[in-house]
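User: Hi! Could you walk me through a model I've just opened?
Analyst: Happy to, let's have a look.

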Amino acid sequence: MGERILKLVVDILSQPAVLIALISLIGLILQKKPTNEIIKGTTKSFLGFIVIAAGAGILVGSLEPFGKMFQEAFNVNGVVPNNEAIVAMALTEYGSTTAYIMFFGMLANILIARFTKLKYIFLTGHHTLYMACMLAVILVVSGLKGISLIIIGSFALGLIMAVFPAICQPFMRKITGNDNVGFGHFSSLGYVLSGLVGRVVGKGSKSTEKINFPKGLGFLRDSSVTIALTMTILYLVIALFAGPSYVEKELSGGTHYLVFSVIQAVTFAAGVFVILSGVRLVLAEIVPAFKGISSKLVPDSKPALDCPIVFPYAPNAVLIGFFCSFLGGIVGMIILGISGAIIILPGVVPHFFTGATAGVFGNATGGIRGATIGSFVNGLLITFLPVFLMPVLGDLGFANTTFSDSDFAASGIVLGNIAKSFGATGLTITVVGLVLLAVLFGFFKKDKNNDPSVKVEA
């Protein structure tokens with residue numbers, strides 16, 4: 001019975017749409033809103049994330065054949081980073097541990113947000129599940145067991161869920177123009193790196209959203225049209241390299257390979273359009289609703305939301321970021337091949353979501369140059385980091401897939417190598433010490449702010 005209840009709780013918390021709706025419901029109730037507003041706000045938040053998930057599903061479905069055509073066209077084999085694939089494999093052995101770490105890790109995130117300066121509540125449920133799974137693997141490999149495994153894993157997860165949104169927030173303020181929403185997607189290091197690169201290289205570079213097209217090409221100002229046409233060209237080129245025989249026998253079910261490619265390209269554009277619509281719907285509801293939580297339960301806290309939340313602010317940068325990140329992945333793959341290391345193939349899905357987001361971050365600080373070079377660097381980062389992550393994952397490190405996003409790799413590399421060098425005891429001391437430092441720093445700052453001897457200038 002207990003396992004069934006735990007599964008129900010984890011299933012609820014791992015679904016972003018359900019989690020967001022629950023947060024909206026609690027926030028609106030805490031604000032004592034009328035019943036009709038509670039029902040409307042909760043339902044529209046739920047609906048908005050379902051729309052985003054539907055758009056993401058459309059994107060993933062159209063990108064899958066692209067990835068297969070790419071591998072066939074250029075005859076490359078290696079490890080394809082994919083969060084869903086590696087987690088599905090890991091859950092068969094680490095399912096219960098993952099569930100406990102996820103549930104108590106979310107509680108730890110709320111406590112850390114309440115008692116430290118890290119005021120971010122991470123609401124991207126599926127990424128929480130993936131991080132909990134990776135932590136479960138690394139902690140078990142380190143030798144931790146039982147209650148100590150759950151406690152250390154939960155604190156580590158709660159801290160990670162608060163730290164990464166905090167490092168993204170300066171760039172989020174730049175992108176959105178306000179401080180209402182945090183960023184909750186575990187490829188933050190790539191996004192921050194892209195933003196920093198934009199600052200360095202982007203002086204004088206205009207925004208991707210201010211690209212001037214000739215009068216005869218005015219239709220390209222519509223981002224949906226631009227995405228559809230650009231992706232059509234890319235799909236057709238890859239399809240020509242892969243050849244009609246492969247595409248029609250293995251992917252299209254007999255449909256002419258060029259027709260199939262055009263349909264997949266425009267389907268991709270449709271997926272982006274659906275995602276942007278869902279994001280606008282969610283932002284209109286979740287921010288006002290979250291005020292109830294930030295004012296009552298965790299003062300000054302912010303909801304940390306999934307990466308598509310920034311797509312509407314720079315749709316052109318989304319497309320540029322995807323291309324340049326994927327190009328970075330290809331360059332990284334070639335370098336790894338020449339060096340004789342494990343070859344990490346550029347996964348189209350991770351390069352789209354992380355590359356597109358890196359493009360938005362890079363554009364915010366450095367315009368077109370920032371978006372282009374910043375997302376290219378992101379592509380290199382998510383290609384090289386998995387090489388160093390795989391050795392600390394135990395038997396799972398020998399699988400033909402691994403975690404794809406930079407924060408998973410960075411967290412796993414740091415914690416895994418601490419465990420290798422200092423064992424379970426060293427890992428425990430590190431995690432507990434970091435949490436205590438965050439709490440003490442929060443109290444220190446609070447005391448300093450409340451000190452009457454500190455003069456506040458008008």
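Here is our chat about helices and salt bridges.

Analyst: This is a predicted model, where local features need pLDDT of at least 70, side-chain atom pairs count only at pLDDT 80 or more, and totals for chains, interfaces and linings use all residues. Residues are numbered from 1 along each chain as its sequence is written, and side-chain values use heavy atoms, leaving out hydrogens and water.

User: How do α4 and α6 cross?
Analyst: The axes (lines fitted to C-alpha atoms, for helices over the stretch in contact) of α4, residues 83-115, and α6, residues 146-176, come within 7 Å and cross at roughly 50°. Helices here are DSSP runs of H or I, at least four residues, numbered from the N terminus.

User: Which residues make the contact?
Analyst: Contact means heavy atoms within 4.5 Å. Among them are Tyr-100, Phe-104 and Ile-112 of α4, and Leu-149, Phe-155 and Met-161 of α6.

User: And by class, what is in that contact?
Analyst: The α4 contact with α6 has 14 nonpolar, 6 polar and no charged residues. Ala, Val, Leu, Ile, Met, Phe, Trp, Tyr, Cys and Pro count as nonpolar, Asp, Glu, Lys and Arg as charged, and the others, Gly among them, as polar.

User: New topic: how many salt bridges?
Analyst: The structure holds 3 (a side-chain nitrogen of Lys or Arg within 4 Å of a carboxyl oxygen of Asp or Glu). One of the salt bridges joins Lys-68 and Glu-64, at 3.3 Å, N to O.

User: Where do Lys-68 and Glu-64 lie?
Analyst: Both lie in helix α3, 4 residues apart, about one turn of the helix. Just after α3, Asn-75 takes a positive phi of about 55°.

Methods
Axes are lines fitted to C-alpha atoms, for helices over the stretch in contact, and angles run from 0 to 180 degrees between N-to-C directions. Helices (H or I, at least four residues) and strands (E, at least two) are DSSP runs, numbered from the N terminus.
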